[in-house]
Amino acid sequence: MKLPIRYNIRNVIVRWRSTLATIIGVALVVAVYILIQSLAAGLEKSGRNTGDPRNLMIVRKGSTAESSSQVNRMQLQTIQYLPQIARDADGKPLISADLVVLVSLPRREGAGEANVTMRGISPKGAELRPQVRLVEGRWFTPGKREAVVSTKMAQRFANTEVGGVFKTGGQELRVVGLFDGGDTAFDSEIWMDADEARSLFDRENYSSALVRMTSPEAAAEFVKRLESDKRLPLRVDPEIAYYSEQTRTSKMFQVIGMFLAVSMSIGAFFAAMNTMYASVGARTREIGTLRVLGFRRRTILLSFIVEGAILAGIGGVIGCAVSFALQSLSVALGWQFGTMSFNTFSEVVFQFRITPQLAVQGLIFAVLVGVVGSLFPAIRASRLPVIAALKVV
Amino acid sequence: MPEPETIVAIRNLSKVYSQGEIQVTALNNISLDIARGEFLTLMGPSGSGKSTLLHIIAGIDRPTSGECRVQGVNVTQLNESELADWRNQNVGFVFQTFNLIPVLTAFENVELPLLLTKLSRKQRQQLVSTALEIVGLADRSHHLPRQLSGGQEQRVAIARALVTDPSLVVADEPTGNLDSHSAQEVLTVLQSLSRTANKTVIMVTHDPKAAAYGSRSIHLEKGELSN
């Protein structure tokens, strides 16, 4: 690189009026790309965070979500006495038979209704999920129409604060406590007693069972035992793997993010090309002069490509800064983001999660737009006939 | 007295431009020798071929036929890249419109040709400072072109032309855009380059007053030498 970088930087600054539109365009592309990918990352993180490595999740074979699964009481009877299941101090097996139901609840401020995952848990249910902490009020009393709501859901749905009463299944449920799901999928749930839930929603069976294993070897043995028993048409997965699989919705965000970024980048690419063509046009005599002074064609070519990359790179940095600022703002103001899960068809809440990797991807994306956009103008600049270029007024 | 060394030797040089089916002869069978240290002025009406001749001598245009040797090198036979290197090492250019890079300071503009050499930063700084001192603009080195007068801009351009210590300085109407005072300053600098630094200066001009600064003047008429 024989021409100093300051030559390109100053040219970008001097022509700020014509370069501003391109910088803003690229900044928007990068911000949209990073933000949508960060939503996907946030959603994926909530799925990846969920579960305990010692736990196994049991659902009906062929079911795609707990809400469409059934585990009957006879199956539970068979399962709960298997020796691989860990036991508490009183010798009781660490197993929670859960009922998962989707209920429609009104959002706060009259913003319509949305599906919410209501989980009925057995007495051991909370103990099996150490990531969940009660932060306000108390746990529900088995046998009573009481519920405990995640703090994030309580911010989004009406009458779900402690003391609030909401109606579902034709009956009223009183909220007695709030829990923090620790950035897991449980942040998108309302919990109550499993048997009370079966009665409320008139269900004969449970949806799933969560069991704690005594050891990883016992877990392998347990899986083998259940899968070889033809009387038990059940599927067993590690709890973490199960929830990870449940956040496939994040893939859709990634695809949408990529699609939006690619379509917007086509616009940004033409903006960069236009700016660089204008720049070449305005600097024709300058290019001729550089050639006369001895600068070779490839130096001119490289210089204009570098200039395009700097131009788009500035846009990329601004785009990153905007997305980081939005993330900080969302944390400061406690913004939550919700979407419908395509596995459970219920609302899931999550937060932005801009990773350094995403920021680097955004910057690379920006520089690529600049390089590709400036390629043709740069070729044109390098091929200008010297004498004709010198004569341009 | 010893015979002055010939630095430019032109033999049977012709340049014909094709514009569709019409052929325009810009230079017709020119032969010319220019000695080291000479301040040659090329005069003639518009379209007489004086700028074309200057461009061929400086290696930014090619003749249709004939030969142009500068310090023994037949510049007409060099390829694009060789010509670029050759220009950088052997020719200094001064344009009518100064052609300074607007975003670079006077110092940076003068430094440009040196960026193509292997000189260290310190060596470059020294050479640039010397060149700016020669043209009397050492105190304006950090000014941008727009902060300089026309005459000062042209003197920066002269500093840029001589910073690589070329044997040949070519100037195409260097006073065309200057008031008479600035023109006089610029012509004095060019004259001193030829007289004191023994540089060969070739200048295209319309102005007989400017031509008077030269040591020899030749006239072109319809692509041919008229005297």
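Predicted model: local features only at pLDDT ≥ 70, side-chain atom pairs only at ≥ 80, totals over all residues.

Biologist: Okay, how many residues does the contact take from chain B and chain A?
Modeller: The contact takes 25 residues from chain B and 22 residues from chain A.

Biologist: And what area is buried between chain B and chain A?
Modeller: About 2200 Å² is buried there, and carbon and sulfur atoms give 62% of that area. As background, the accessible area lost when parts come together is often used to give the size of an interface.

Biologist: How many salt bridges are there between chain B and chain A?
Modeller: There are 5 salt bridges between them. One of the salt bridges joins the side chains of Asp85(B) and Arg296(A), at 2.3 Å from N to O.

Biologist: Which element of chain B gives the most to the side that touches chain A?
Modeller: That's helix 2 of chain B, with 6 residues. By class, the side of chain B that touches chain A has 12 nonpolar, 6 polar and 7 charged residues.

Biologist: Now the pockets! What volume does the largest pocket have?
Modeller: The largest pocket has a volume of about 690 Å³. Of the 34 residues that line the largest pocket, Lys391(A), Ser51(B), His55(B), Gln96(B) and Asp172(B) lie nearest its centre.

Biologist: Where does the largest share of that lining come from?
Modeller: Helix 1 of chain B supplies the largest share, 5 residues. The lining of the largest pocket divides into 16 nonpolar, 12 polar and 6 charged residues.

Biologist: And the second largest pocket, which residues are closest to its centre?
Modeller: Those are Arg15(A), Glu286(A), Leu100(B), Pro102(B) and Val103(B), out of 20 residues that line the second largest pocket. The volume of the second largest pocket is about 430 Å³.

Biologist: Which helix gives the largest share of that lining?
Modeller: Helix 9 of chain A gives the largest share, with 4 residues. The lining of the second largest pocket has 9 nonpolar, 4 polar and 7 charged residues.

Definitions and conventions: Residues numbered from 1 in each chain as written. Chains lettered and ligands numbered in written order. Heavy atoms only, no water. Contact = heavy atoms within 4.5 Å. Buried area = accessible area lost by both parts, 1.4 Å probe. Salt bridge = Lys/Arg side-chain N within 4 Å of Asp/Glu carboxyl O. Helix = DSSP H or I, 4+ residues; strand = E, 2+ residues; numbered from the N terminus. Nonpolar A, V, L, I, M, F, W, Y, C, P; charged D, E, K, R; others polar. 1 Å grid on protein atoms, 1.4 Å probe; cavity = no way out; pocket = protein on both sides within 12 Å on 5 of 7 lines; lining within 4 Å. Points joined across faces, edges and corners; volume = space filled by probe spheres on them.
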